[in-house]
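Colleague: I have a chain open on the screen and would like to talk it through with you. Could you take me through the fold, starting with the terms you will be using?

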Amino acid sequence: ENTSFDTVLDLMRQGYYIMLECMYNYARWIVLLDYCTPNNSIHEKGSLSIYDPYYDYVRLLNVDEFIAMWFDKDYVHSKVEKDFIAIRKNNEVHM
(Lines give C-alpha, C1' and ligand atoms only; values in the text may rest on other atoms or scores of the structure.)
Protein backbone atom coordinates (compact mmCIF):
# COMPACT_ATOMS: atom_id res chain seq x y z
CA GLU A 1 0.00 0.00 0.00
CA ASN A 2 2.81 2.41 0.82
CA THR A 3 5.10 1.34 -2.01
CA SER A 4 7.17 4.09 -3.52
CA PHE A 5 9.63 4.10 -6.36
CA ASP A 6 12.40 4.35 -3.75
CA THR A 7 11.25 0.96 -2.41
CA VAL A 8 11.72 -0.54 -5.87
CA LEU A 9 15.18 1.04 -6.22
CA ASP A 10 16.18 -0.32 -2.80
CA LEU A 11 15.10 -3.82 -3.87
CA MET A 12 17.22 -3.49 -7.03
CA ARG A 13 20.24 -2.49 -4.92
CA GLN A 14 19.64 -5.56 -2.73
CA GLY A 15 19.87 -7.81 -5.77
CA TYR A 16 16.29 -8.32 -6.94
CA TYR A 17 14.94 -8.55 -10.47
CA ILE A 18 11.95 -6.21 -10.74
CA MET A 19 8.91 -6.45 -13.01
CA LEU A 20 6.28 -3.70 -12.88
CA GLU A 21 2.77 -3.33 -14.28
CA CYS A 22 2.01 0.04 -15.78
CA MET A 23 0.08 1.85 -18.47
CA TYR A 24 3.09 2.00 -20.80
CA ASN A 25 1.48 1.08 -24.15
CA TYR A 26 -1.72 0.29 -22.23
CA ALA A 27 -1.46 -2.36 -19.54
CA ARG A 28 2.04 -3.72 -19.84
CA TRP A 29 4.36 -5.62 -17.54
CA ILE A 30 7.91 -4.37 -18.01
CA VAL A 31 11.24 -5.46 -16.57
CA LEU A 32 13.30 -2.77 -14.85
CA LEU A 33 16.92 -3.08 -15.97
CA ASP A 34 18.55 0.03 -14.54
CA TYR A 35 17.94 3.46 -13.03
CA CYS A 36 20.15 6.19 -14.49
CA THR A 37 20.57 9.73 -13.21
CA PRO A 38 22.17 12.60 -15.13
CA ASN A 39 25.82 12.87 -14.09
CA ASN A 40 25.06 10.47 -11.19
CA SER A 41 23.27 13.29 -9.36
CA ILE A 42 20.98 12.26 -6.52
CA HIS A 43 19.11 15.57 -6.89
CA GLU A 44 17.96 15.13 -10.49
CA LYS A 45 15.29 12.75 -11.74
CA GLY A 46 16.62 10.18 -14.09
CA SER A 47 15.64 7.58 -16.60
CA LEU A 48 14.72 3.94 -16.43
CA SER A 49 16.21 1.36 -18.70
CA ILE A 50 13.41 -1.15 -19.26
CA TYR A 51 12.80 -4.33 -21.19
CA ASP A 52 9.38 -4.74 -22.80
CA PRO A 53 8.79 -8.48 -23.26
CA TYR A 54 5.77 -7.90 -25.50
CA TYR A 55 7.77 -6.04 -28.16
CA ASP A 56 11.07 -7.70 -27.17
CA TYR A 57 13.09 -4.51 -26.93
CA VAL A 58 14.93 -2.28 -24.48
CA ARG A 59 14.31 1.45 -24.15
CA LEU A 60 14.61 4.42 -21.80
CA LEU A 61 11.68 5.96 -19.95
CA ASN A 62 11.63 9.19 -18.00
CA VAL A 63 11.13 8.36 -14.28
CA ASP A 64 8.41 10.97 -13.74
CA GLU A 65 6.48 9.73 -16.78
CA PHE A 66 6.77 6.14 -15.59
CA ILE A 67 5.54 6.95 -12.08
CA ALA A 68 2.51 8.72 -13.58
CA MET A 69 1.74 5.50 -15.54
CA TRP A 70 2.39 3.09 -12.64
CA PHE A 71 -1.14 1.77 -12.08
CA ASP A 72 -3.39 -1.03 -13.31
CA LYS A 73 -5.37 -0.64 -16.56
CA ASP A 74 -8.56 -1.33 -14.62
CA TYR A 75 -7.66 1.03 -11.77
CA VAL A 76 -11.19 2.45 -11.53
CA HIS A 77 -12.45 -0.97 -10.43
CA SER A 78 -9.38 -2.73 -9.04
CA LYS A 79 -7.75 0.24 -7.23
CA VAL A 80 -4.40 -1.48 -7.93
CA GLU A 81 -1.50 0.88 -8.33
CA LYS A 82 2.24 0.45 -7.98
CA ASP A 83 2.00 -3.28 -8.67
CA PHE A 84 5.33 -5.06 -8.99
CA ILE A 85 7.05 -8.42 -8.58
CA ALA A 86 10.50 -8.72 -7.02
CA ILE A 87 12.57 -11.90 -7.38
CA ARG A 88 15.91 -12.27 -5.66
CA LYS A 89 18.79 -13.03 -8.04
CA ASN A 90 20.37 -16.42 -7.57
CA ASN A 91 24.08 -15.84 -7.03
CA GLU A 92 24.98 -19.52 -7.16
CA VAL A 93 26.58 -20.92 -10.29
CA HIS A 94 25.65 -24.50 -11.20
CA MET A 95 27.70 -26.39 -13.77
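Modeller: Let me begin with a term for the sheet: two strands are said to pair if DSSP finds at least two bridges between them. With that in place, Ser47 has Asn62 in β4 as its bridge partner, and please keep in mind throughout that this is a predicted model.

Colleague: Which strands do the 6 bridges join there, and which way do they run?

Modeller: The 6 bridges join β3 to β4, and these strands run antiparallel. In the hairpin that β3 and β4 make, 4 residues lie between the strands, and Asp56 takes a positive phi near 55 degrees.

Colleague: Let's step back a bit. How many helices and strands are there in the protein?

Modeller: The protein has 3 helices and 5 strands, and from the N terminus on the elements follow the order α-β-β-β-β-α-α-β.

Colleague: And in what order do the strands sit in the sheet?

Modeller: The 5 strands form an open sheet in the order β4-β3-β2-β1-β5, with antiparallel pairing. β4 (57-62) and β5 (84-88) stand at the edges with a single partner strand each, so one side of each is left without a neighbour in the sheet. On average, neighbouring strands of this sheet are turned by 35 degrees against each other, direction ignored.

Colleague: Switching to the inside, which residues touch the most other members of the largest nonpolar core?

Modeller: That core has 18 residues, and Ile18, Leu20, Ile30, Leu32 and Phe66 are those that touch the most other members. Two or more residues come from each of α1 (5-13), β1 (16-22), β2 (28-36), β3 (47-52) and α2 (63-69), and α1 gives the most, with 5 residues.

Colleague: What is Ile30 in contact with, leaving aside its neighbours within four places in sequence?

Modeller: On that basis, the contacts of Ile30 include Ile18, Met19, Leu20 and Cys22, as well as Ile50, Tyr51, Leu61 and Phe66.

Colleague: Now Ser49, is that buried or exposed?

Modeller: Ser49, which is found in strand β3, has a relative accessible area of 14% and is therefore buried, given that the cut-off for buried is under 20%. Apart from neighbours within four places in sequence, Ser49 is in contact with Val31, Leu32, Leu33, Asp34, Val58, Arg59 and Leu60.

Colleague: And why does Ala27 count as partly exposed?

Modeller: Ala27 counts as partly exposed because its relative accessibility is 27%, which falls between the limits of 20% and 50%. Ala27 lies in the loop between β1 and β2, and its C-alpha atom is separated by 9.6 Å from that of Trp70, 43 residues apart along the chain.

Colleague: Last topic, what are the totals for the protein as a whole?

Modeller: Of the 95 residues in the protein, 29% are buried, and the accessible surface comes to about 6800 Å², of which 50% belongs to carbon and sulfur atoms. Among contacts between residues at least 6 apart in sequence, 47% join residues at least 24 apart.

Terms used:
Residues numbered from 1 in each chain as written. Predicted model: local features only at pLDDT ≥ 70, side-chain atom pairs only at ≥ 80, totals over all residues. Heavy atoms only, no water. Core = buried A, V, L, I, M, F, W, Y, C linked by side-chain atoms within 4.5 Å. Buried < 20%, exposed > 50% of the residue type's maximum accessible area, 1.4 Å probe, protein only. Contact = heavy atoms within 4.5 Å. Axes fitted to C-alpha atoms, helices over the stretch in contact; angles between N-to-C directions. Areas by Shrake-Rupley, 256 points an atom, 1.4 Å probe, with all protein chains shown as cover.
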